[in-house]
Amino acid sequence: MGAGSGGEQAGGPGGADSLASQEAAQQRRTGDSVTRRSTGLAEGDEPSDDELLDEPLSVWRLAMRRFFRRKLGVLGLAIVTLLALVALTAPIIAPYDPIQQLDRVEGTDVARRDAPSAEHLLGLDSNARDQLSRIIYGARLSLPLGVSIVLAAIIVGASIGAIAGFFGGWLDTILMRLMDVILGFPALVLAIAIAYVLGNAIQNVLIAVAVVTLPQYARVMRASVLSIKEVDFVAASEALGASSWRMLRTRILPNALTPLIVLGTLGIAGAILEAAALSFLGLGAQPPTPEWGSMLAQEYTLIRTYPHLVIYPGLAIMVTVLGFNLLGDGLRDALDPSLNE
Amino acid sequence: MIGYALKRISTAIPVLFGVVVAVFLLPRVVGGDPCRSVLGPRATAASCQQFAEANGLDQPVLQQFLTYIGNIFRGDFGESIKFSRPVMEVLFERLPLTAELALSALLLAIAVGIPLGVAAARWHNSPVDVATMAFANVGVSMPIFWLGLMLSYLFAVVLGDTWLALPPTGRFSAGLSPQPFYEVWGWTITDTSVGGGLLRFMSRFAIFNTVVSGQWTELKDALQHLVLPTVALSTIPMAVIARMTRSSLLDVLGQDYVRTAAAKGARQPRVIRRHALRNALLPVVTIIGLQLGALLGGAVLTETIFSLAGIGTALFDAIDTRDFPIVQGFTLFIASTYVVVNLLVDLSYGYLDPRVRLQ
Amino acid sequence: MRTRRRLSAVLLVGALVLAACGGGDETETADSESPAAAPTGSDTGSGSEAPPPASGEAETTMVANEAGCGDNKVESIEATSDTEVVFTLCSPDPAFLQKIAFVVFAIQPSEYLAETGGAPLEAPVGTGPFVLENWNRGSEITFTRNQDYWGEAPAFETLVFRWAEESAQRITEVQSGNAQYGTNISAPDYELVNADDNLVLLEDLNPNVFYMGFTNTFEPFDNPDVRRAIAMGIDRQRIVDTYYPEGSEVPDFFTPCQIENGCVGDPWYDFDPEAAQALLADAGYPDGFDTTIHLRDVFRVYLPEPQTVAQEIQTQLAENLNINAEINVMESGAFIGEVSEGNLDGIHLLGWGADYPHVTNFLDYHFAGNVQFGDPYPDIVSALAEGAAEVDPAAAEPIYEEVNNLIRDEVPMVPIAHGAAADVASASLGNASVPPFGAPQFKTFQPEADPLVFVQNAEPISLYCSDESDGESLSACEQVLEGLYQYDAEGNAVPALAEECAPNEDGTVWTCSLREGVTFHDGSDFDAGDVVATWAAGMDASSPLHTGNTGGFEYYTYLWGGLMNAPAVEPTEGATETATSTETGSETTSEAPTGSETPTESES
């Protein structure tokens, strides 16, 4: 068996992701800087209840303005938008059928692994299929996969974090220790194991990667809950008889939203890397499905003789991950005003 | 502080226990057949049954687990199914290479990452900043495995005939095997002594070994072989450190006392050096500690691409052949290193920043 | 100061955690180890350091199966004098010489086996052209020339074995001058070698076959017409032309033609998609059916690109026969396990590389009672039993003609390709060639400079090859160890440590007269006692020296119908399975159907 890609971690899944999770861990240590800063806003302004209700709107508007001032963030948004368009229009823009072996077509003069040419911009793969078309169709798989992994991880992780933070005590201890155990693992190894147990299929990749990434969302959510709980006005509204649910909805969620959006965007990048790594190990999409990780896996030994078969699928992964990373970074800068003073 | 340390250590213990449980269970639920991988495809069902008995694989999983836990507390990590050698022996044989690789990658990441981050913060929103952040983002966006392939393609094939050529695989060139330093010094060691084992272990650190014994040709060769894997492995931590340095420094630069210093007329390089950097580096140190754990994991892939016989390749082969004792022992080692490093980072942080302790 | 104290307390705790991981227990484990594990690291292998053999020691002179033959092939092995060993077999074995030439049966000194407790895993002591000097785990193995070699000593002093997983890496090593010889170049890399004047491509003729197998206990593969339709509906020529390296062939028979009596009988079906579709329609599948293609993603000479070829076959099944197949890539060990128990519903892609040059190695393993293809085909089983008893190749020819025709008719599998392979060598390396069996014979090579560096695919597992089965371990052993016979450059079994092994009339007793004046690398003399001791350690399960690495001794088990004096297997449910799948060709066909019931039972 060969090697895996993108599993550059012991602590956090995927490069970008480990970045995100480590910064999350860092925030925990430094007193939850992200959340502290956003609550810091409230503290500094001595807000009345009304102002607080208005504030998310204006914050968002401000954030938008800040976001579009940053070139890299905008570049990230452009890349992601472009890729989304590619994925949506794949059947129209792909020049060939991604699973058709072109050397079987009568009257053609192509051989497998042909180098890039005018007809086949990225060349042909080992089964004489058009590589450009396969990479285009690959976007149809990787993008939705990355997004759904993160959504699943956020929904489950944030619920765990909210419960832990809200109720505290032994429930908190148990849940967060469980999260620590997941984090205490080389994520790729854990993801491999989960994917193996569930069997080779793309939806199992989703579950495996979501499980190994959910602790970071749980931590962020819990930190948000805790920091809000400490703020006086919550105690006040509690005293006034506001229900837990209302507090969660009106106070905690808006507060946790910022870090969750930032982490989530960066998390998509990590999830795509991680999913590619699992496919690379033969645990994801089965052939002949065009999936970047498995394309790389099938051809990576040909780096010296047919570099085009290794360079382009890797490049596709890189550009996609980069897009989400830049976007996430831009969002972080935009949503975190303390960096803009 | 002691109270905080005890509390923090007590939380690490259940994590370690959870890791042990998971490390034991995962390879078993993963499935696969160690027999055919080890004995070869010609193995008959009868010999597979004997094989399972001999390795205790026919026992109920719970019983296997209890035995395993018991053995761990006696310091016995079992024997590799494939090699019939103690797991710890294999680990100590493989660890020096991985440690060397991880440490050199970490050093490179720090040496490049911090200056980049400082430069980006110093010239905030300038082209330097944009370029640094672009680099950092590209760095964390690459599959490390693919980066390794690209590097070896570039330096061993494209530049193969130039002075920039670098060896794509292995720890030494063929035929070049440095003598252990203790032999160079004329020491003789016995096989079973603890000291002898330690010396052998030390002599497996190729750079250390060649430096202390003055084997310069071998040292040069060892360093050349280390370049590409180190660069591949350091890219991600380098990007992480650069980003962390930048954002942390920007954070500090925005704080009152720094602004005061600036207002009092201190020039910016001086402000950064004298006032801001020291405080800004606190979180960076934390991140660096965390990277060490991540590097151990990243080494798995790097070693595979560059054919290096470290713990990564051994773990990979063991997963492939379902050599459970090796998978368990090695994963446990990596995971507990990670937990312990985390613990140390937390404790040192708690010491340096008293606010953390109070939480 | 307070800082330091605290930090050291922290470190202490860390050390405790690490100590729990066994850091300090190295010596204890080493002590409690069997003597075999005692030599470690760099001080292994210097054979000259081993104590001189005690003269006149009492040696075992005979090893025999106490309980009679049973399923076993060997009844006894006896040293009748210092220079003569007699093998008494339970039934005639036409492939006896070809089997004993396999390096797994190479001879080591009896004293050394005893000294190492039957597990000389790291430092083999042999009679071969090279002496093991040092095995530097993880990086390389060094051998030096055996000055006292009984044959012609090598022309160079030092031989180094290294390893690199990828074909391209091995080429780079040779290209850069770091190595002179690399194994198993993958087909796409041929161009790299051909484009470089300093490199030569050496053709490797190891006989092999790649096939797609059907398990006849699953629908619709229980229908012979379905199997025949697939046999006609696969364009094998296209597969070989497109996906296999030059020199590969489209098989007319399961067994390659290099093997005597391998290709006699009617050649395979021609590619005819119309006829195939008609046959499939007659069998009741006019619109095809759904099935699964199972495979493992493991590179072998017979299947150089598993996934690519699987996708080609998938496409052909769809286009030529309207059969819709999904691809299922499995973990290697699990795949082999499921295949050998006949559990895979659908088509499995597998192949076979010859162990020794005899037709029985191909046919008997697969078709003489093996449940791999579901219920064994009784007519094939009985014909093979007849062939296995015939020592004279000429007399066996009509039998194998019949067997091949029966296989063609029943189609338990479709042979797709005989794969060609190649090694790479530096053009300056004189006399380099690849034998069809075993490792390159470096003793005959003429390198321009010392040392000669060889790059293979992986590191050996251990160097006690009696208990290893991977090619990488075996090729290292072959430089150091020799058996009674060995393979020459053409793949024939020729005498080595024996002057000759001659059969009696019915081929059941083989008398080997041994070469005299041969010494082992530790200085001890080679004699008949060493032969018996080596075989006993490998084959006699009751021997105290039957230790080995894993203790599996796979080739002793597999080539000689099981081990001698093996403890009776408890009659558990597992044992039923065991008994049926270890059946050999000599089993009567009437029992064959039980073979199919067992896997079904084990499923539940």
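**View 1. A strand pair in chain C.** Here Thr292(C) sits opposite Glu326(C), a residue of β11(C). As with every view in this set, the model is predicted.

**View 2. The crossover between the two strands.** Follow the chain from β10(C) through helix α10 (residues 306–321) of chain C to β11(C), and you have traced a right-handed β-α-β unit.

**View 3. Where chain A meets chain C.** Chain A brings 17 residues to this contact, and chain C brings 19 residues. On the chain A side, nine of the residues touching chain C are polar, six are nonpolar and two are charged.

**View 4. Chain A, a helical chain.** Of its 341 residues, 56% count as buried. Among the contacts of chain A with a separation of 6 or more, 74% are between residues 24 or more positions apart.

**View 5. Chain B, with helices again.** The secondary structure of chain B consists of 16 helices and zero strands. Chain B has 359 residues, and 54% of them count as buried. If we look at the contacts in chain B between residues at least 6 apart in sequence, 75% link residues at least 24 apart.

How values were computed. Residues are numbered from 1 along each chain as its sequence is written. Chains are lettered from A and ligands numbered from 1 in the order in which they are written. This is a predicted model: local features need pLDDT of at least 70, side-chain atom pairs count only at pLDDT 80 or more; totals for chains, interfaces and linings use all residues. Two residues are in contact if their C-beta atoms, placed from the backbone, lie within 7 Å. Ala, Val, Leu, Ile, Met, Phe, Trp, Tyr, Cys and Pro count as nonpolar, Asp, Glu, Lys and Arg as charged, and the others, Gly among them, as polar. Helices (H or I, at least four residues) and strands (E, at least two) are DSSP runs, numbered from the N terminus. A residue is buried if 20 or more other C-beta atoms lie within 10 Å of its own, exposed if 12 or fewer, and partly exposed in between; C-beta atoms are placed from the backbone. Two strands pair if DSSP finds at least two bridges between them. A crossover is right-handed if, with the strands pointing away from the viewer, the path from the first strand over the helix to the second runs clockwise.
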